[in-house]
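The sequence and structure come first, and the comments follow.

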Amino acid sequence: NWDSVRTPHLFMGLLAAPDPGVFNWAGRTGAEPGRLLDQFRDLFYQDADPVPPLLLNREFLSDNVIRVLRDSYARCLDYGRPQITQMDLLIALFTAPNSIVAECFERIGVTAARLTELAVLAEQESSGV
């Protein structure tokens, strides 16, 4: 029931259909993706009248989502990949300035730097690097 896609929605999407890297990252944090997804759904649930579906256009994406997508794309190019991976998105979510996703973890004592470190390790292990 949100009027736009925001960074928590990106994160929940990664948890809803985790690739091996995201699944590995979740394990390193001591979390199970499905349970973490449920917790984020509870945090960001909005009780509102049903709204008609919106078309996916610039106005539908928050400024932070656009920034995360751009950072993810830059990261994928830095690593010589032809497309953005889930790990590019996950790492960009943790390294974005004023990340609400990282802030949620910081409330329970896990810093953005630690989340990023675990994500990079998970990415390396999942890709065999």
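Which side chain does Glu123 meet in a salt bridge?

1. The side chains of Glu123 and Arg75 meet in a salt bridge, at 2.7 Å from N to O; the term stands for a side-chain nitrogen of Lys or Arg within 4 Å of a carboxyl oxygen of Asp or Glu. Because Glu123 lies in helix α7 (residues 112-127) and Arg75 in helix α4, the pair ties together parts that are 48 residues apart in sequence. Helices here are DSSP runs (H or I, at least four residues), numbered from the N terminus. Both Glu123 and Arg75 are buried, where buried means under 20% relative accessible area, exposed over 50%, and partly exposed in between (1.4 Å probe, protein chains only).

2. On how the model should be read: this is a predicted model, in which local features need pLDDT of at least 70 and side-chain atom pairs count only at pLDDT 80 or more, whereas totals for chains, interfaces and linings use all residues. Residues are numbered from 1 along each chain as its sequence is written, and side-chain values use heavy atoms, with hydrogens and water left out.

3. Arg75 and Glu123 also belong to a network of salt bridges that links them with Arg81 and Asp88. Asp88 counts as buried, at 0% relative accessibility, while Arg81, at 21%, counts as partly exposed.

4. Another salt bridge joins Glu117 to Arg114, with 3.2 Å between the closest N and O atoms. The two residues are three apart in helix α7, and are therefore separated by about one helical turn. Glu117 is partly exposed at 41% relative accessibility, as is Arg114 with a relative accessible area of 38%. The search of the whole structure finds eight salt bridges.

5. What lines the largest cavity? Its lining consists of Thr7, Asn64, Arg67, Val68, Leu93, Ala96, Pro97, Asn98, Ser99 and Ile100, and α4 gives the largest share, three residues. A cavity is a set of points, on a 1 Å grid over the protein atoms alone, where a 1.4 Å probe fits but cannot get out, and lining residues have an atom within 4 Å of a point. The volume of the largest cavity, about 50 Å³, is the space filled by probe spheres set on the points, which are joined across faces, edges and corners.

6. Ile84 is found in the loop between α4 (63-78) and α5 (86-95), and this residue is partly exposed, with a relative accessible area of 33%.

Conventions:
On a 1 Å grid over the protein atoms alone, a cavity is a set of points where a 1.4 Å probe fits but cannot get out, and a pocket is an open set with protein on both sides within 12 Å along at least five of seven lines; lining residues have an atom within 4 Å of a point.
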